[in-house]
Protein chains: 2
Amino acid sequence: MSVGTGDPELITLKGLKILQNSPVVAFPAGVGNKPGIAAQIIADWLNPAQKTLVLNFPYVQDLRVLTPAWRQAATLVWEYLAQNQDVAFACEGDVSFYSTFTYLAQNLRQMYPQAKVEAIPGVSSPLAAAAALGIPLTLWKQKLVILPALYSVIELENVLQWAEVVVLMKVSSVYSQVWQILAKYNLLNRAMIVERATFPNQIIYQDLSDRPDLQLSYFSLLIVKLDDSGFLETS
Amino acid sequence: MSVGTGDPELITLKGLKILQNSPVVAFPAGVGNKPGIAAQIIADWLNPAQKTLVLNFPYVQDLRVLTPAWRQAATLVWEYLAQNQDVAFACEGDVSFYSTFTYLAQNLRQMYPQAKVEAIPGVSSPLAAAAALGIPLTLWKQKLVILPALYSVIELENVLQWAEVVVLMKVSSVYSQVWQILAKYNLLNRAMIVERATFPNQIIYQDLSDRPDLQLSYFSLLIVKLDDSGFLETS
């Protein structure tokens, strides 16, 4: 289930009901065994009688490391499901949007076909960021492209020729390259960054013109609005 | 404020709190003066002491018709704000995502700069549709394109060469053209439609191969997953 982007009140009623009625609540471990983001978001909604289950999803891209971790997580969850104990898996943002939930659900279904899995949608970070910026993400005939990360400079350049709105997820590791491209196309004043949208320590950068070297945290998202009409302010 | 896609329980806690604490609740009129979608979604959350304010946003694309309607809506809302009565504007889906809220907020700010406007994010239809389908919308390195409607067949063909996931919003009026393009690229079995996601009368089409002539309702959304890894099922 989706728990939203940071503000605990951005969980849906449906998500909260499932969360509070599940005897077991699972969530991804954070870096260095600290509670992960989802665990922080839902902390106030849990009660002491609920069992918590920390699942380890390594922060790497190597499938030889990830696959056994996904399978182990599925096994841990199944131990409860097999006893008819529902498990709520808390996931930051939305469960269908670049989410760890996908891998857990897939492995559960493959390994234990009798497992019942339900996805509860939630607030995703591009929309939370737009609300925080006080702008529409998209309107009218605008075409939206969302890139999970920058894998090719040429690809970003192509997208900038074509879309009216471009979102770069998790932009921190490629920020200086992206800044150069935006500078080349004279788009720095049409680019915005939201770090940790809706968290108490949210940071907003409304114009990147003088910021070639930002040190950004992992949950940083960049929005480029190429179309003037997209600059209607809403708050 | 965003009220989600249809299921009343997909409103956020934050949205519900604002909705129930506002003396005035505004929403768009439906077709033929019936209650609009947002009004239907929130009906059970309102109490009789709350004033409801129906705003008329014509279902046309002509700015000469729309602009005076937006200005009139802003004036009606301002009558309450000027008396320090908060107005919650209920909007289906998310307020920053192709939403009427944008035009209301823009006109309010232009006409009454002292108005305070806040956007509360919510569940958007592509993510609600993905959850209903039991698939991830996006995962891993998949690039996502969202098109508000089909304005050019060539544009859709280009996108299909390039993106891993394509969402066509409000596909009903152009469905037969889209079907032809998907057929040409042998993608009909990778295309899915969700009508009225999360409403009680939600309809899902998982494969469009034998469906060149679907009669779809206005809130119908098409997802094409071009990348095999996107076909991991999650529910």
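This is a predicted model: local features need pLDDT of at least 70, side-chain atom pairs count only at pLDDT 80 or more; totals for chains, interfaces and linings use all residues.
A:Glu157 sits in helix H6 (residues 153-162) of chain A; helices are DSSP runs of H or I with at least four residues, strands are runs of E with at least two, and both are numbered from the N terminus. With 12 other C-beta atoms within 10 Å, A:Glu157 is exposed.

Residues are numbered from 1 along each chain as its sequence is written, and chains are lettered from A and ligands numbered from 1 in the order in which they are written.

**Helix H3 of chain B**

Helix H3 of chain B covers residues 63-81; its 19 residues should span 27 Å at 1.5 Å a residue, and the separation of 26 Å between its end C-alpha atoms agrees with this. The expected span is 1.5 Å times one less than the number of residues. B:Trp70, B:Ala73, B:Ala74 and B:Val77 are the buried residues of H3(B). Seen down the helix axis, these buried residues fall within an arc of 100 degrees, so they line one face of H3(B); the arc is taken from the directions from the helix axis to the C-beta atoms. An α-helix has 3.6 residues a turn, so residues three or four places apart point the same way. On the other side of H3(B), the exposed residues are B:Arg64, B:Val65, B:Pro68 and B:Glu79. The cover over the buried residues includes strands S1 (24-28), S2 (51-55) and S3 (87-89) and helix H4 (100-111) of chain B.

**Sheet and core**

An open sheet of 10 strands runs in the order S7(A)-S6(A)-S8(A)-S5(A)-S4(A)-S4(B)-S5(B)-S8(B)-S6(B)-S7(B), with mixed pairing. Two strands pair if DSSP finds at least two bridges between them. At the edges are strand S7 (203-205) of chain A and strand S7 (203-205) of chain B, each pairing on one side only. Within the sheet, S6 (residues 191-195) and S8 (residues 220-225) of chain A are antiparallel and share 5 bridges. A:Val194 has A:Leu221 as its bridge partner in S8(A).

A:Leu221 is also among the residues with the most contacts inside the largest nonpolar core, which has 142 residues. Such a core is a set of buried Ala, Val, Leu, Ile, Met, Phe, Trp, Tyr and Cys residues joined through C-beta atoms within 7 Å.

**Contact between the chains**

Chain B and chain A each bring 50 residues to the contact, where two residues touch if their C-beta atoms, placed from the backbone, lie within 7 Å. H4(B) gives the most to the chain B side, with 5 residues.

Most residues other than glycine have a negative phi.

| Residue | Phi | Loop |
|---|---|---|
| B:Tyr98 | about 45 degrees | between S3 and H4 of chain B |

A:Thr198 is buried, with 22 other C-beta atoms within 10 Å. B:Tyr98 also counts as buried, with 22 C-beta neighbours inside 10 Å.

Note on methods
A residue is buried if 20 or more other C-beta atoms lie within 10 Å of its own, exposed if 12 or fewer, and partly exposed in between; C-beta atoms are placed from the backbone.
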